[in-house]
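Look over the sequence and the structure first.

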Amino acid sequence: MPSLRNAILLTIATTFLYFRIMRTLNFDNYMATYIYFLTCITLYAIYELNYKRRRLPNGPVPWLVAGNMPSFINVNNVDVLFQSWKQQYGGIFTVWIGPIPLVMVSDLPTIKKYFIQHADSFSNRWRNFVTDSIMEGSNGIVQIDGNKWREQRRFALHTLRDFGVGKPLMEQMITLEVTSLMNHMEKSCGLDGKELHLCPSIAVCVGNIINNMLFGLRFNQDNSYMHRLHQLLDDQSHTVMQPIMGAYIAFPVTSKIPIINGEWNRLMGIKNELLEFLETQIEGHRMNWKDEMIEQEPEDLTYAYMIEVEKRKRNGEDVGFFDDQQLKMLLLDLFFAGMETTVTTLKWAFLLMAKNQKVQKNVQAELDSIGQPMIEIQHRTRLPYVQATINEIQRIANILPINLLRTVAEDIEIDGYNFKKGDLIIPQISILMNDPEIFENPEEFNPSRFLDEDNNVKKIDEFLPFSIGRRQCLGESLARAELYLVFANLIQNFNFEVADDVTTERVLGLTVSPVEYSCKITRRGLDHNQNSVK
Ligand code: HEM
């Protein structure tokens, strides 16, 4: 039993330490102090291993101080570890991140109960030294709570909707970027096909879509600044997951200690460079601002924000939580969330197609049956295998093995557990999407699992890549449209192949991406119903 093992190891270690110290100090009264010392250590061990765990769901027994962190050492695939815990402890269990408990809710009925029925209690976010330093306090959208979050989320959702998220305008915008990407690929891969690094080009395509919405901005495929921005987002995603971040959170002073603060300085450097980009965009908008804009349709989200503030001021209304700092941080959140997740999913998409030639051919056959040069949203209902493949890509890619952290908003007793305000808790969607009871042979890439007997797309409730409840992804409909239009049009027009030794290993960051790969890209030929990219 790990708790017994912990206690015995601790006793041996402290006894050894004690006698070493006493001998060094030439201390006489060995026995009395030994008993005192051992009592303190025993009480501490009981508190750590038993008392403090009693109010929360059961889970793997933590080590003293390190919690369950040692279980992650040398683990190639954390999903397998999480599945084994789910099997052992059921649909809700606690994992200790050092001294901090994180409750993972990992079956659908319990997820619905906590995050929908009791949404008020389980929908806050975890603010800490790292998040507060990046967001400069309670700003943005991902890390804030309460009235400010409600107001800013509503504004972002309305504005994205006005720009056509879910409407034809959005489709036009995405199609323009997809066409530009395909032209670039056609030029790069020549007539006989070529080994190419596709990921940077995908990043420019997806980056242009979100940049267009946020700032009315787009870059050419070979623009080095756009590639730099993508690199910064990738670096940020990996840096925030470094174990040393735990030390900065627990003891902020460590972020100032030379040598130890290497990763901290790196993170702040990335943040400053990203903010410089955002500040330049905001400044440009301010310079071009004209009073009559207030009566017009905004061209992008930055103008929409400025118009909202101006309108409120003119009408003598409260400007609420709208201010310059919040605008910058809202843009940072939307830029990061809107790009990193979608690019990462698409990186997986083309790798999985290259690795699964049979699926790629099936997808192409279905796309060819449409008989159109450009695949559109309206074709979706006639493309069930394509949609099933995208679902399966998202399920296998499983880009968020640990969902964005939420916290308990107020003390609450539920199911015999006593949650305290601030406790960490998540709907653990990655466990759901890999559950062997729902998805037979979950490690197998098999799009057909999302089709029913009549070849229609099957709705599987546990498939929740965009999460659930109040904090559900704000960009879901944009992301779905991007994944569909980029994937379908690229696969319709090109073949993707990779060497056998290209791996599907998972690189852990805030999102999990594949190892950087290059693939052979060939323009599809005359067997296909079109000859050139329109
Ligand atoms: C394939 C693409 C994407 C995936 C898989 C994805 C997934 C997610 C997930 C799992 C969450 C966490 C929900 C929770 O806390 O339980 C989330 C939150 C969020 N996503 Fe996405 N997302 C994607 C694309 C986007 C895009 C394109 C945008 C922006 C336009 C976006 C904006 C956000 C924001 C702002 C939040 C935080 C919401 C809040 O805290 O209120 N996401 N996303």
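**Helix α6**

Q: What makes the span of helix α6 agree with its number of residues?
A: The model is a predicted one. Helix α6 covers residues 146-162, which is 17 residues. The expected span is 1.5 Å times one less than the number of residues. That gives 24 Å, and the end C-alpha atoms are 24 Å apart, so the two agree.

Q: Which residues of α6 are buried, and what do they pack against?
A: Buried are Lys148, Trp149, Glu151, Gln152, Arg153, Phe155, Ala156, Thr159 and Leu160. The buried residues of α6 pack against α8 (199-215), α12 (301-314) and α13 (324-355). After α6 comes glycine 164, with a positive phi near 105°.

**Cysteine 473**

Q: Why is cysteine 473 called partly exposed?
A: Its relative accessibility is 35%. Buried means under 20% and exposed means over 50%, with partly exposed in between. Cysteine 473 therefore counts as partly exposed. It lies in the loop between α16 (429-433) and α17 (476-493).

Q: What makes Cys473 (SG) a donor to the iron atom of the ligand?
A: The distance is 2.3 Å. A donor is an N, O or S atom within 2.8 Å of the metal, so the SG atom qualifies. Cys473 is the single donor from the protein. UniProt, in an unreviewed entry, places a "binding site" feature at Cys473.

Q: Which residues does cysteine 473 contact, leaving aside its neighbours within four places in sequence?
A: Arg153 and Phe466. Arg153 is also one of the buried residues of α6.

**Aromatic pairs**

Q: How many aromatic pairs does the structure hold?
A: There are 23. Among them is the pair of phenylalanine 215 and phenylalanine 277, edge-to-face at 5.5 Å centre to centre, with 85° between the planes. Phenylalanine 215 is in helix α8 and phenylalanine 277 in helix α11 (residues 262-288), 62 residues apart.

Q: Why is the pair of tyrosine 225 and phenylalanine 277 called edge-to-face?
A: The ring centres are 5.9 Å apart and the planes stand at 65°. Pairing needs centres within 6.5 Å, and edge-to-face needs planes over 60 degrees apart. Tyrosine 225 sits in helix α9 (residues 224-239), 52 residues from phenylalanine 277 in helix α11.

Q: How do you know whether tyrosine 225 and phenylalanine 277 are buried or partly exposed?
A: Phenylalanine 277 has 1% relative accessibility, so it counts as buried. Tyrosine 225 has a relative accessible area of 35%, so it is partly exposed.

Notes
Residues numbered from 1 in each chain as written. Predicted model: local features only at pLDDT ≥ 70, side-chain atom pairs only at ≥ 80, totals over all residues. Heavy atoms only, no water. UniProt positions renumbered as here; feature names shortened; annotations may be inferred. Helix = DSSP H or I, 4+ residues; strand = E, 2+ residues; numbered from the N terminus. Buried < 20%, exposed > 50% of the residue type's maximum accessible area, 1.4 Å probe, protein only. Contact = heavy atoms within 4.5 Å. Donors = N, O, S within 2.8 Å, 3.2 Å for Na, K, Ca; no water. Phe/Tyr/Trp six-rings, centres within 6.5 Å; stacked < 30°, edge-to-face > 60°.
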